[in-house]
Amino acid sequence: MSSEPQDDELPSTSLDTQSSPRMVSTLQDELPSMSSATHMTPQISDIGEDPFTSTSTQHDEPSEMPGAEPQLNPTDENEPLSTDPATWPLPLTDKIRTELVRRGPSKLPCDFVFNRKESDGRSCHHQYFMKTLVSGEKIVRSWLIYSIKNNSLFCFCCKLFSKRNINFTSSGITNWKHASAYLTSHENSPEHLNCMKAWKELSVRLRRGESIDKQEMTLLEAERMRWRAVLTRLAAIVQSLAVRNMALRGHTEKLFTPSNGNFLKEVELMARFDPIMKDHLNRVQSGTASHNSYLGHHVQNELIDLMSRKIISVIVDDIKQAKYFSIILDCTPDISHTEQLSVVIRVVSLIEKPLIREHFMGFLEAEESTGQHLASMILARLEKLGIHFEDCRGQSYDNGANMKGKNKGVQARLLEKNPRALFVPCGAHTLNLVVCDAAKGSVDAMSYFGVLQKLYTLFSASTQRWAILKKHVSITLKMWAETRWESKVKSVEPLRYQGAAVRDALIEVRDNTKDSAVKAEAQSLSEEVGSYRFSICTVVWYDMLSAIQHVSKLMQSPNMDVDLAVGLLKKTEQGLQNYRTSGFVTAQMAAKDICEDMNVEAVLKQKRLRSTKCHFSYESHDEPFSDALRKLEVGFFSVVVDAAILSTRERFSTLENVGNKFGVLKNFPSLAHEELAEQCEALGTTLHFEGKSDFDTKELVQEIKNFPDLPSKTKSLLELITFIHDNDLSEIYPNFWTALRIALTLPVTVAQAERSFSKLKLIKSYLRSTMSQERLTGLAVISINQSIGEHISYDDIIDDFASRKARKVRF
């Protein structure tokens, strides 16, 4: 086995707890020692700005709700100190009270959902955290905190400083029917006002460093800053390795050993030039860093998870600002034979200017590949991210039956919940199927690709034969993928432009080999490659595949919209029809040039026609062609081209229907008033569901009629929305602005999901096949969304690292 770095479970001693066997067994870290300050002040955990330690095992899941830390034993001050007031130890010591004041009351996110009481169905509301004055102004009740454990409200300052045992300090208030009256009465009470004064005074003194233990707090603050500097560097190393899809861990987690992995090697390299990291490694090696080093895989996993969550948070904000979105899904098995569902969301970003963005949201492990299971997975994922599915306006998948099925496919099940989520099949996959349909219609077409496969197999099976091939050609043979027919253009290209060189290489292989089987195979292939029939097939397939590949590449652009895609497909269909008329004659001329280069005669060999006896009253068969060239045209060329044209019309009917619904947004300059109103009404009906509409149809018609003259009559939808943005016209034409955003949101291909599979193969490789799903998704999010990750703040990452899990307070 190779000793390459890998990210699976390691039995070696973790650097997170390398100084204590007891800590190895419990997988729980303690606060780093304060060196000379230890005898003056107790060690305080780093929540917010304190020194950081991990109290979780490798498989611990972070809490999804603020304050949901492990519960406390009130009598044990060495237990983790939670942000939930219901779990604070009693009685509160001065040390704990000082720490809680320094942290401040915990805040809830604006989209937090409160639990309802079973008795009356009432719950807490976000409005309780704001006080409305007589003037209408609103003031934040900073003293009010919510306990997730008890589903109750507490007074932060009274909990810390009050001597009385009231509801706001003991169990919290849960009477939501009269909560407003209780809050008003409590905040005006003298006891509360005195506690508020004590809280604010202590908070200001701690912030200014004017507390009684000023010297101890100064030393503690210096220690905090040192740990923040260390973690900043560790986070930068993790991000750098994740962006480059490199393994972090090796076979051991010991410093200065050959196989300790890329992460520790980067740490060692940084320590040679950075004094902060050098001092940290000296403390780890000398044992003065207590049980904490933050160089083990537990902290790596936490940093990866925090970075990916931060990136996802930025993406979710962009999606919510854009409002309308589309989903793109695709599945593939990974190296450990687990089905991975790639989730991509497409939006028209409005952060600076309108831009089409396709955000990768991570991989989901699909236990089943049925339409029902995949649909429930994506809906659950959107709900977890706080993205409302009713704002979805498009969905795009490949042509698998479980995805596009009309009755039980993913698109059908999602359309039941939201009929405005229009389904658009992947254009690139559909083009591949068009070529596949064309190839299946002719025996000559299928046998041609069989010859290409034999050519590649013959040369690639031996390094000597491959060297002979490279000596004759500049474009080597390529192996084509069975599921991607348009990629076969690369395998046809060498024979189209270097057919004579390939034939010379086959002849040399035949003359030099001593293997009779290889000699016979090379002789047979050289005769086939040198035939006039094979040359005609080569030219025809190269012309068709080149045109289809060009359209396929254009459709895979993120800026491609439905209108442009429909236009490209119509041009492709028209091009195939034109090629149907004159393509065979052109192919004959090009094939004659190829035969001339190979010094072979450009003549089709006519096979002997078998005579059959005709019986009276029996249906007669078609008359066989006596001309071999005519037979090739009818049996190969016409069949292949006609099948491609017919398949293009049938398979792209869904895309064309969707494009026609939004065609009015681009074709409005050439439409009469009646036709304009009719098409706008049809578009409004499509985007209407359960009494809700995305825009007013009558106002849309009026806005389009009053729209200013454009510099160019052929502007795309993206150019139109950019024109409105640059001229600040969105307020004047709001319905037109909304309709354009929805049209641009519709996806055309699942290319972005396919690109994520390339990262999947780099991240979860053979040596990293035991990687957990959480680590895989985190690394993929950081790698694929690296442009967003470059702008995240390491300070925010460290703050989240400190607050997501409770740290120890030692006294």
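## Helix H2 and the residue after it

In helix H2 (94-103), the buried residues include Ile96, Arg97, Glu99, Leu100, Val101 and Arg103. Buried means under 20% relative accessible area, exposed over 50%, and partly exposed in between (1.4 Å probe, protein chains only). Just after H2, Gly104 has a positive phi of about 85°. Helices (H or I, at least four residues) and strands (E, at least two) are DSSP runs, numbered from the N terminus.

The model is predicted: local features need pLDDT of at least 70, side-chain atom pairs count only at pLDDT 80 or more, and totals for chains, interfaces and linings use all residues. Residues are numbered from 1 along each chain as its sequence is written, and side-chain values use heavy atoms, with hydrogens and water left out.

## Aromatic pairs

Across the whole structure, a search finds 23 aromatic pairs. Rings of Phe, Tyr and Trp (its six-membered ring) pair if their centres lie within 6.5 Å; planes under 30 degrees apart count as stacked, over 60 as edge-to-face and the rest as tilted. One of the pairs is Phe114 with Phe129: the ring centres are 6.4 Å apart and the planes are at 15°, so the pair is stacked. Phe114 and Phe129 both lie in the loop between H2 and strand S1 (130-132), so the pair ties together parts that are 15 residues apart in sequence. Phe114 and Phe129 are both buried.

Phe707 and Phe736 form an edge-to-face pair, 5.1 Å centre to centre with 85° between the planes. Phe707 is in the loop between helix H25 (697-705) and helix H26 (717-726), and Phe736 is in helix H27 (residues 734-745), so this pair ties together parts that are 29 residues apart in sequence. Phe707 counts as buried at 7% relative accessibility, as does Phe736 at 0%. Both residues belong to one aromatic cluster, formed by Phe668, Phe707, Phe723, Tyr733 and Phe736.

## Packing of H26 against H27

Two packed helices are described by the angle between their axes and the distance between the axes. The axes of H26 and H27 cross at roughly 145° and come within 10 Å. Axes are lines fitted to C-alpha atoms, for helices over the stretch in contact, and angles run from 0 to 180 degrees between N-to-C directions. The crossing of H26 and H27 is left-handed, a term for the near helix being turned anticlockwise from the far one by less than a right angle (right-handed if clockwise).

On the H26 side, Leu717, Leu718, Leu720, Ile721, Ile724 and His725 meet Phe736, Trp737, Leu740, Arg741, Ala743 and Leu744 of H27. Contact means heavy atoms within 4.5 Å. By class, this contact has 10 nonpolar, one polar and one charged residues. Ala, Val, Leu, Ile, Met, Phe, Trp, Tyr, Cys and Pro count as nonpolar, Asp, Glu, Lys and Arg as charged, and the others, Gly among them, as polar.

## Packing of H16 against H19

Helix H16 (residues 489-497) packs on helix H19 (residues 532-555) at about 135°, with the axes 9 Å apart. H16 and H19 are therefore oblique to each other; angles under 35 degrees count as roughly parallel, over 145 as roughly antiparallel, 65 to 115 as roughly perpendicular and the rest as oblique. H16 and H19 make a left-handed crossing.

Val489, Lys490, Val492, Glu493, Leu495, Arg496 and Tyr497 are the H16 residues that meet Phe534, Thr538, Val539, Tyr542, Leu545, Ser546 and Gln549 in H19. The contact of H16 with H19 has eight nonpolar, three polar and three charged residues.
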